[in-house]
Amino acid sequence: MKITFIGGGNMAGAILAGLARQGGHALQVVEPDAAKRDALARDHGVVPLQTPPAFAADEVVVLAVKPQQLKAVCEGIADRLNGALVLSIAAGVRVAALARWLGGHARIVRIMPNTPAMVGRGVAGVYAPQELAEADAEAAETVMRAVGEVVRLADETGIDDITAVSGSGPAYVFYFIEAMMAGAVKQGFDVATARQLVLATFDGAVELARQSPLDVATLRQNVTSKGGTTERAIARFDAEGVKAAIVAGMDDCRARSIELGQLLSQD
């Protein structure tokens, strides 16, 4: 598969690296910054281009620029697509807006990745309009499987849903890690040891949840002995409304995704 990335930022670099490891693809990247072009060619073995080429119908074009740049980029390649499949990993901008900016182009798939893609452990939501061929959705999934797992979304609103869960989710996890590290330092550990303890705890707990046949609520209960130390901590979390605050925060995240989508999709 021939894949051209428009933009060479961190996410594009991560996906390019994954595709290079996957093998079997002809990779190009369009990046106006000469230093970035050189780095991408050196690090990922891609063909660096300063300006977009003319594409073919069997090519995949990945829009990997900031949402605020997307309209100008789309208008700049609209007459060069020749029916190519377009994948957008830019947050917010709706398919209808992309199609409009691309001069009525119809082969568009939206993708919501997350930052663990940088280490090959991402999870991405993929939305392909129903009128697209199944092969187009599968091509988008192939691109994103190079950096992790893929979830197919039935409706475009699923992009807002998944933004609230996995798209923004790494920040929630980092927030909890920050809190636990602060607690560990308060108990007397140095920062390095606190980091080691907390990260190892997260790694181990996630792996246990992944391998265990038990649901996570049962796993939590198994650690929470009646009248014990963990029960005291969980009781404080419940009293402070930690779980409810997390759920409410995710709702707020989704609402903001919808707002930004409406704003960014305007002409």
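This is a predicted model: local features need pLDDT of at least 70, side-chain atom pairs count only at pLDDT 80 or more; totals for chains, interfaces and linings use all residues.

Colleague: How many residues does the largest nonpolar core have?

Modeller: In soluble globular proteins, nonpolar side chains tend to be buried together. A nonpolar core is a set of buried Ala, Val, Leu, Ile, Met, Phe, Trp, Tyr and Cys residues joined through side-chain atoms within 4.5 Å. Buried means under 20% relative accessible area, exposed over 50%, and partly exposed in between (1.4 Å probe, protein chains only). Here the largest core has 32 residues, and F5, I15, L87, V109 and I111 have the most contacts inside it. Apart from it lies another core of 29 residues, among them L49, V65, L81 and V86.

Colleague: With which residues is I15 in contact, leaving aside neighbours within four places in sequence?

Modeller: Contact means heavy atoms within 4.5 Å. On that basis, I15 touches F5, I89, V143, M144, A146 and V147.

Colleague: Which strands does β7 pair with, and in what sense?

Modeller: Strands (E, at least two residues) and helices (H or I, at least four) are DSSP runs numbered from the N terminus, and two strands pair if DSSP finds at least two bridges between them. β7 pairs with β6 in the antiparallel sense over 3 bridges, with I111 opposite V126. Between β7 and β8 (residues 148–153) there are 6 bridges, and these strands run parallel; G125 has V151 as its bridge partner in β8.

Colleague: Why is β7 described as largely enclosed?

Modeller: 5 of its 6 residues are buried, so β7 is largely enclosed by the rest of the structure.

Colleague: How many aromatic pairs does a search of the whole structure find?

Modeller: Rings of Phe, Tyr and Trp (its six-membered ring) pair if their centres lie within 6.5 Å; planes under 30 degrees apart count as stacked, over 60 as edge-to-face and the rest as tilted. The search finds 1 pair. The ring centres of F176 and F202 are 6.2 Å apart and their planes stand at 65 degrees, so the pair is edge-to-face. F176 lies in helix α7 (residues 169–186) and F202 in helix α8, so the pair ties together parts 26 residues apart in sequence. F176 is partly exposed, at 33% relative accessibility.

Notes: Residues are numbered from 1 along each chain as its sequence is written. Side-chain values use heavy atoms; hydrogens and water are left out.
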